[in-house]
Amino acid sequence: MESRYNFRVVEKKWRQRWEESGAFLTTEDSEKEKFYCLVMFPYPSGNLHMGHVRNYAIGDVVARFYRMQGYNVLNPMGWDAFGLPAENAAIKNHIPPAEWTWANINKMREQMKAMGLSYDWSREVATCSPDYYRWTQWLFLRLYHHGLAYKKRQAVNWCPSCATVLADEQVVAGCCERCDSEVTKKDLEQWFFRITAYAERLLDDLEKLKGWPEKVKLMQENWIGRSRGVEVKFTAENGEEISVFTTRPDTIFGVSYIVLAPEHPLVEELIKGKAEAGRVREFAARVKKQSEIERTSAEGEKEGVFTGAFAANPLSGEQVPIWVANYVLLEYGTGAVMGVPAHDQRDLEFARKYHLAVKVVIQPLGDDLDPAAMKEAYAAPGVMVNSGVFNGLDSEVARLKISGCISEKGLGEEKINYRLRDWLISRQRYWGAPIPIIYCDRCGVVPVPEEDLPVLLPENVAFEPTGESPLLKAEEFLKTTCPRCGAPARRDTDTIDTFVCSSWYFLRYCSPGESGRSYDLNKARYWMPVDQYIGGVEHAILHLMYSRFITKVLYDQGLAPVDEPFTNLLTQGMVLKDGAKMSKSKGNVVSPEEIIDNYGADTARLFILFAAPPERDLEWSDEAVDGAYRFINRVWRLVYHLLPEIKGNQTQWEAGALGAAEKAVRRVIHRTIQRVGDDIKTRFNFNTAVSAIMELTNALYHYTEGTEQSSGHSGVLREGAAALITLLAPFTPHLAEELWEAAGGEGSVHDQRWPEVDEEALQEDEITIVVQINGKVRDHVRIPVELKGKEMEDAALARSRVKELIKGKEVARVISVPGKLVNLVVRQSSSKK
RNA sequence: GCGGGAGUGGCGGAACUGGCAGACGCGCUGGAUUUAGGAUCCAGUGGGUUAACCGUAAGGGUUCAAAUCCCUUCUCCCGCACCA
């Protein structure tokens, strides 16, 4: 063993050995309990960034830890390899997307390997490989055949820069999630997945996900957005029925107008022949042109026009004017709402602006609302007024009664609405899995038969900077024959949203080599669900909800062994530098390659795990990296100096015969074993786990330097060194492996069992407790551990310092907490005494 | 606006069920070693007139005891954004 640690040599040596020995290859083993540890696979941009390093370092600690706990651990890695950057590179540099992507994959795989991650590389998958996307296409067909994939024409989100459509989830604040350009609307015929059919289950099953952060569940809950209410039919003067959705049927007598979305199909009927027709059409045209942002921004001015038509309130019979306004969305509910200005803030604002009636139908207790003076709508419960037979009722009661009354009389029905929309999965891009659909003039839409999959992406295509998908011009791809009638037909030129590719990869990892099926259900049954999933919060809605949806669909068809894919979820924070996310434009990027070159993978891993708990953002610090590096060298030196004591030494000791210093060290050793295990397993607090290991290192240093040798000395050192090395193994695997070998350990440190806590070693005879006077710490006292109540109190009162401080005072009360403290509550003694 | 999270030394962060605030690390100060620097080792390091006291965003409360529980306010971060 060298006296100085040479990470370059050592890290390389062990990576080679692990690879040669297949140390991390995994197979199903019914004897062992499985643990599926998964980090979100990356898009192969070609370069690992610090966020990746953090993600994989965390995952690797978890995987290695559970392996040492005796679990059969699946820890795979792969590539979310379809996507726009490959196409952009093709346009810019004339490199085919496949070539570019595979080159990046090879580069990133090397970078990952340099981190010393314990992946089973034999299970690697890439979504752009035909062996994989064949099954993504198969998945599409499964949905298609079950009525869960359908095509429809509608105004969809269009990103002009990516020249493709986007799902609602991929539009962030009116901009493209990927490139930030402003999203516009385009009328197109597109493929959708009927995720709304699963809205209720996606919502209800959130409850099953005990191991998910509340925050993520809440985000999904809000996104799905369930609301219970009633659809009520108002009748227009021309006899047309207008359905409106409301969650507040109790306010129905307060309706003073009806509003339709400008795109509502009934608008044209209503304005036919009316003087207002021109103005309404003009208004509707203008609103449609508004971008998503203008239209939906909260501060946006509510605007509307009167249609000239009226409708009858189904309960009161009252005639109310029908308006068209920009704040009503066609896609939600029925695309029409009832306006109740007195009890809804938006309606009040609208009513004030256009001088519409305000009618109070719910009075707060002990107050009297004045409709003419109201500045804020009253949305809380109260007593019903101006509501016919419902007057005097509590509004909460009235809500149910009115709702019941409406459905009984056939005026409408109770309904649950979701904000979740169907998932638009068509993309007008080349670099994705082609949608396996054929259009035949005779047969119409024909799915590609499963045995004809994959529909291969043509490789001989030209990329031009027009933004148009090259598939549109790929004649040999386009032209095909109808599988049903054999007539000439053409293929769908769109590709499948890459989020579909990534919503089943965790199943593919269970049996990645399968060529005759998407995956082996028995193997999936063994491995699924993922026990620990780790990734960024940015996927809280998109990827995580899509994966849940796809898993449920497969489950319902008997194809997946579970209906929720991820048991536990850890969402890691970002890596920041100078308080901001690392980005090229800010020039605050720290390259993982450089850090690994200069300090080694173990240092990089240790720093990142130590600097902050995983859910929180992590501030990069060059100095702290030095600190991690120093610690690693400190451990090396410690073991180097202990080598003569520990190597080949088999001295045993009688526990009772140990000296006080030896007992103290053993206590630290076993407390550390306990703390590190707890921190990893129950709290993911790798930072405190590392700090505990640092304390152990310090304790061993102090023990070797400051103590005379006594009984059990070498044995205790050996125990301490072994614990230190094994506890470090998940964090700094190369260092641990080298030290393990140097210290004469058998086999690989990563095959060792996690050390057991010796409860006896934790026992203390004497402890220090705190003595408080009136809640302030005034003294400490050593007492036998088992002392309680009165005895503790006596020990405290026996202290001279305590005596001094309470002299002439009366002890009114004593609180003693065994093992912790004694608190004496004193006051000036009364003169009567 | 609604929903969620956070606020602790010079810095990153500890403090698990209310029980010694600041573990561990960085930085800093002093010392040892060294021709020197670096590296290493040891000691110290919340403020404070060095001892009372004050200190966990601010103010109030509950309690023998509050970073931790309750109320009010402020700041920052994240998500949703007219969802009827």
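This report walks through a few parts of a predicted model.

## Domains and cysteines

Let us start with the overall layout. The domain assignment divides chain A into four entries: domain 1 covers 137-194 together with 423-498, domain 2 covers 226-418, domain 3 covers 621-762 and domain 4 covers 766-828. Between the C-alpha centres of domain 1 and domain 2 there are 39 Å.

A search for disulfides across the whole structure gives 0. Cysteine 159 has a relative accessible area of 0%, so it counts as buried. Cysteine 405 is buried as well, because its relative accessible area is 14% and the cut-off for buried is under 20%.

## Strand 22 and its partners

With strand 25 (residues 488-491), strand 22 forms an antiparallel pair over 3 bridges. With strand 23, strand 22 pairs over 4 bridges, again in the antiparallel sense. A hairpin of 3 linking residues connects strand 22 to strand 23.

Tyrosine 439 shows both pairings at once: its bridge partner in strand 23 is valine 445, and its bridge partner in strand 25 is arginine 490. Cysteine 440 has alanine 489 as its bridge partner in strand 25. Is strand 22 covered or open on its faces? Both faces are covered, with Ile437 and Tyr439 buried on one side and Ile438 and Cys440 buried on the other.

## Serine 503 and tryptophan 504

Our last stop is a loop. Serine 503 sits in the loop that links helix 14 (498-501) to helix 15 (505-508), and tryptophan 504 is found in the loop between helix 14 and helix 15 too.

Serine 503 has a relative accessibility of 1%, so it counts as buried. Its side chain reaches the backbone oxygen of valine 500 at 2.8 Å. Setting aside neighbours within four places in sequence, serine 503 is in contact with Trp423, Tyr546, Ser547 and Ile550.

Is tryptophan 504 buried or exposed? Tryptophan 504 is buried, because its relative accessible area is 1% and buried means under 20%. Leaving out neighbours within four places in sequence, its contacts are Tyr132, Trp135, Thr136, Leu139, Ser518, Tyr519 and Ile550. With tyrosine 132, tryptophan 504 makes a polar contact between side chains at 3.4 Å. Serine 518 is 14 residues from tryptophan 504 in sequence, and their C-alpha atoms are 9.6 Å apart in space.

Terms used. Residues are numbered from 1 along each chain as its sequence is written. Chains are lettered from A and ligands numbered from 1 in the order in which they are written. This is a predicted model: local features need pLDDT of at least 70, side-chain atom pairs count only at pLDDT 80 or more; totals for chains, interfaces and linings use all residues. Side-chain values use heavy atoms; hydrogens and water are left out. A disulfide is a pair of cysteine sulfur atoms within 2.5 Å. Buried means under 20% relative accessible area, exposed over 50%, partly exposed in between (1.4 Å probe, protein chains only). Helices (H or I, at least four residues) and strands (E, at least two) are DSSP runs, numbered from the N terminus. A polar contact is a pair of N or O atoms within 3.5 Å; within protein, one must be able to donate a hydrogen and the other to accept it, and residues adjacent in sequence count only if both atoms are side-chain atoms. Contact means heavy atoms within 4.5 Å. Domain bounds come from an automatic or database domain assignment. Two strands pair if DSSP finds at least two bridges between them.
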